[in-house]
Amino acid sequence: MSEEQNKPSDATVEPTEAAADTAATQTDSGSPEDRVAKLEAEVASLKDQLLRAMAETENTRRRAQRDREDASKFAVSSFAKELVSVADNLRRALDAVPAEGREQDEMLKGLAVGVEATERQLFAAFDRAGIKKLDPAGEPFDPNFHQVMFEIENTGKAAGTVVQVLQPGYTIHGRLLREAMVGVAKGGDAGGQHVDTKA
């Protein structure tokens with residue numbers, strides 16, 4: 001008797017599930033135009049997501065490439081900053097040798113020639129690494145590349161013109177490595193405008 005009760009209940013469950021599936025299909029399908037509109041909206045949404053993801057991937061790739069290029073260009077900046085002091089010392093050594101001393105003493109002349117050759121080789125290495133020397137004598141003061149140490153009156157030059165370079169500056173691939181220490185003309189004879197040297 002329990003088996004007979006189970007059979008009718010199974011028979012009643014199956015038609016109910018089938019009816020539910022049919023009802024769900026009818027509500028999902030709706031009219032063909034509605035279904036097409038829904039699918040087109042979904043395609044447009046997925047296309048937009050894909051384009052955004054592709055753009056983000058391209059931006060990430062470009063950013064990584066730029067970071068890699070910057071790292072290769074500027075990774076040696078701290079090392080280069082130390083080497084520019086060596087260039088300064090080589091120049092000081094050459095400036096310390098008087099011209100008449102070179103002519104009179106062969107050993108002093110040989111030493112000066114060797115130091116000049118070393119300086120040339122160092123500057124050739126700087127050129128290969130993208131390091132350029134700034135010697136701004138006669139140029140207008142630029143606070144991005146120069147540091148004013150003092151102002152000089154009665155130079156006959158426009159105010160703010162660099163009249164003396166105490167220490168040359170250097171750039172690496174256009175980026176400042178060390179600013180040039182300079183003396184600039186103070187306003188006066190030439191009637192130039194006053195330049196803010198504290199910028």
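Predicted model: local features only at pLDDT ≥ 70, side-chain atom pairs only at ≥ 80, totals over all residues.
Local features were taken where pLDDT is at least 70, side-chain atom pairs count only at pLDDT 80 or more, and totals for chains, interfaces and linings use all residues. Residues are numbered from 1 along each chain as its sequence is written, and side-chain values use heavy atoms, with hydrogens and water left out.

Helices (H or I, at least four residues) and strands (E, at least two) are DSSP runs, numbered from the N terminus. Two packed helices are described by the angle between their axes and the distance between the axes. The axes of helix 3 (residues 77-96) and helix 5 (residues 106-128) come within 10 Å and cross at roughly 150 degrees; axes are lines fitted to C-alpha atoms, for helices over the stretch in contact, and angles run from 0 to 180 degrees between N-to-C directions. Helix 3 is therefore roughly antiparallel to helix 5, a term that applies to angles over 145 degrees. The crossing of the two helices is left-handed, that is, the near helix is turned anticlockwise from the far one by less than a right angle.

An open sheet of 3 strands has the order 2-6-3 and mixed pairing, where two strands pair if DSSP finds at least two bridges between them. Strand 2 (146-152) and strand 3 (162-167) each have a single partner strand, so one side of each is left without a neighbour in the sheet. Neighbouring strands are turned by 30 degrees against each other on average, direction ignored. Strand 3 and strand 6 pair in the antiparallel sense over 4 bridges.

Gly183 lies in strand 6 (residues 180-185) and is the bridge partner of Gln164. Gly183 is buried, with a relative accessible area of 0% (buried means under 20%, with a 1.4 Å probe and protein chains only). Its C-alpha atom is separated by 5.7 Å from that of Met149, 34 residues apart along the chain.

Strand 4 (residues 169-172) and strand 5 (residues 175-178) pair in the antiparallel sense over 3 bridges. These strands form a hairpin with 2 residues between them, and His173 in the turn has a positive phi of about 50 degrees. Ile172 stands opposite Arg175 in strand 5.

How values were computed: Parallel < 35°, antiparallel > 145°, perpendicular 65-115°, else oblique. Buried < 20%, exposed > 50% of the residue type's maximum accessible area, 1.4 Å probe, protein only.
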